Amino acid sequence: MPPRKRRSFTAEYKVEAAHRVIDSDRTITEVARELGLNEGLLSNWVKDERRRITAAEVHDEKPLDAAERAELLRLRRQVGELEKDNAFLVKASAYFAAMQKNRPGSI
């Protein structure tokens with residue numbers, strides 16, 4: 001048997017995978033096979049998400065629907081890209097500031 005590959009999953013992926021079971025009439029086995037996941041792992045994600053949905057209902061809050069989750073995921077990706085851009089600009093700014101100091105005739 002080949003060695004298992006260790007993978008980590010984002011919270012968004014876990015929620016989306018769980019909702020593939022919750023929002024449809026499909027079984028955990030079917031969805032796990034489709035996604036290439038262990039059934040026990042997906043089962044835990046489904047239980048966690050059902051608990052979150054129940055907790056939201058207790059506090060009269062409506063959980064996010066599929067469109068809202070997709071928009072949230074899109075916005076998180078956009079923020080991630082902006083953070084990368086900002087990190088690049090900080091490094092570039094520091095580089096150019098250092099280069100200014102090294103120019104002949106600079107203070």
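Predicted model: local features only at pLDDT ≥ 70, side-chain atom pairs only at ≥ 80, totals over all residues.
## Confidence in the model

The mean pLDDT of the protein chain is 85, and 91% of its residues reach 70 or more. Among the elements of the chain, helix H1 has the lowest mean pLDDT, at 88, while helix H2 has the highest, at 93.

## Helix H3 and its two faces

Helix H3 runs over residues 39-58, and its 20 residues should span 28 Å at 1.5 Å a residue, a value with which the 28 Å between its end C-alpha atoms agrees. At the N-terminal end the helix is capped by Asn-38, which places a side-chain oxygen 2.6 Å from the backbone nitrogen of Gly-40.

The buried residues of H3 are Leu-42, Ser-43, Trp-45, Val-46, Glu-49, Ile-53 and Ala-56. Around the axis they cover an arc of only 160°, and they therefore lie on the same side of H3. An α-helix has 3.6 residues a turn, so residues three or four places apart point the same way. The face turned away from this buried side carries the exposed residues Arg-51 and Val-58, whereas the buried residues themselves pack against helix H1 (11-22) and helix H2 (28-35). Asp-48, which is also found in H3, is partly exposed, with a relative accessible area of 31%.

Helix H1 has twelve residues, and the distance from its first C-alpha to its last is 16 Å, close to the 16 Å expected at 1.5 Å a residue. Its buried residues are Val-15, Ala-17, Ala-18, His-19 and Val-21, and these pack against H2, H3 and H4.

The largest nonpolar core has ten residues, namely Ala-17, Ala-18, Val-21, Val-31, Ala-32, Leu-35, Leu-37, Leu-42, Trp-45 and Val-46. Each of H1, H2 and H3 supplies at least two residues of this core. In soluble globular proteins, nonpolar side chains tend to be buried together.

Leaving out residues up to four places away in sequence, Ala-18 touches Leu-42, Trp-45, Val-46 and Glu-49.

Trp-45, in helix H3, counts as buried at 7% relative accessibility. When residues up to four places away in sequence are not counted, Trp-45 touches Phe-9, Tyr-13, Lys-14, Ala-17, Ala-18 and Leu-37. Glu-49, which also lies in H3, is buried as well, with a relative accessible area of 8%. The side chain of Glu-49 is joined to that of His-19 by a polar contact of 2.9 Å. Leaving aside neighbours within four places in sequence, Glu-49 is in contact with Val-15, Ala-18, His-19 and Ile-22.

## The loop after H3

Between H3 and helix H4 (66-101) there is a loop, and Asp-60 lies in it. Just after H3, Asp-60 takes a positive phi of about 55°, and Asp-60 is a residue other than glycine. Most residues other than glycine have a negative phi, and most peptide bonds are trans. Asp-60 is exposed, with a relative accessible area of 74%.

His-59 lies in the loop between H3 and H4 too, and with a relative accessible area of 59% this residue is likewise exposed. From the C-alpha atom of His-59 to that of Ala-70, eleven residues away along the chain, the separation is 23 Å.

How values were computed: Residues numbered from 1 in each chain as written. Heavy atoms only, no water. Helix = DSSP H or I, 4+ residues; strand = E, 2+ residues; numbered from the N terminus. Expected span 1.5 Å × (residues − 1). Buried < 20%, exposed > 50% of the residue type's maximum accessible area, 1.4 Å probe, protein only. Arc of directions from axis to C-beta. Contact = heavy atoms within 4.5 Å. Polar contact = N/O pair within 3.5 Å; in protein donor to acceptor, adjacent residues only side chain to side chain. Core = buried A, V, L, I, M, F, W, Y, C linked by side-chain atoms within 4.5 Å. pLDDT = per-residue confidence, 0-100.
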